[in-house]
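Here's a quick tour of a protein model, written for someone who likes cut-offs spelled out. Have the viewer open as you read.

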Amino acid sequence: GAVVVGADAVTEEGIVNKVGTHQIALSAQAFGVPVYVLAGTEKFLPRGVSIDIEERDPREIVSSPHERVRGYNVYFDVTPFALVSRIVTEDGALTPDEAREKLGAMRLHPSLCR
């Protein structure tokens, strides 16, 4: 068996995807199941571009907050490359190290730099 997930972005920090992806990858690792990420190369973000994982209103998930209960509401998480077996793109399957090399070789267009 294998776990197959998508990616909203591939960054130097890892795979950005819907919340829960990191936990699924941790479970897969615990059971020796490989994790494959499907991501078009347009999802690879150049060095210097980071994703700010915004915290949303906790009332979306905790209907009656109690002073001892706090909701932490995010829509995305980051899965470290160490938990990923391969990143599958239209150009083929990359190891995490190959994905890091690809990310390192990418450069921001000068018009995007501040």
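What follows covers model confidence, then a sheet, then one asparagine.

This is a predicted model: local features need pLDDT of at least 70, side-chain atom pairs count only at pLDDT 80 or more, and totals for chains, interfaces and linings use all residues. Residues are numbered from 1 along each chain as its sequence is written, and side-chain values use heavy atoms, with hydrogens and water left out.

On confidence, pLDDT is the predictor's confidence in each residue, from 0 to 100. The chain averages 87, with 91% of its residues at 70 or more. Over residues 110-114, though, pLDDT stays under 50. Where pLDDT is low, the predicted coordinates should not be read in detail.

Strands here are DSSP E runs of at least two residues, numbered from the N terminus, and two strands pair if DSSP finds at least two bridges between them. β4 (residues 35-38) and β8 (residues 86-89) pair in the parallel sense over 3 bridges, and L38 has V88 in β8 as its bridge partner.

Finally, N17, which is in strand β3 (residues 14-18). N17 counts as buried because its relative accessibility is 9%; buried means under 20% relative accessible area, with a 1.4 Å probe and protein chains only. Its side chain has these partners:

| N17 side chain to | Distance |
|---|---|
| G6 backbone oxygen | 3.3 Å |
| T21 side chain (polar contact) | 3.0 Å |

A polar contact is a pair of N or O atoms within 3.5 Å; within protein, one must be able to donate a hydrogen and the other to accept it, and residues adjacent in sequence count only if both atoms are side-chain atoms.

Notes:
Helices (H or I, at least four residues) and strands (E, at least two) are DSSP runs, numbered from the N terminus. Buried means under 20% relative accessible area, exposed over 50%, partly exposed in between (1.4 Å probe, protein chains only). Contact means heavy atoms within 4.5 Å.
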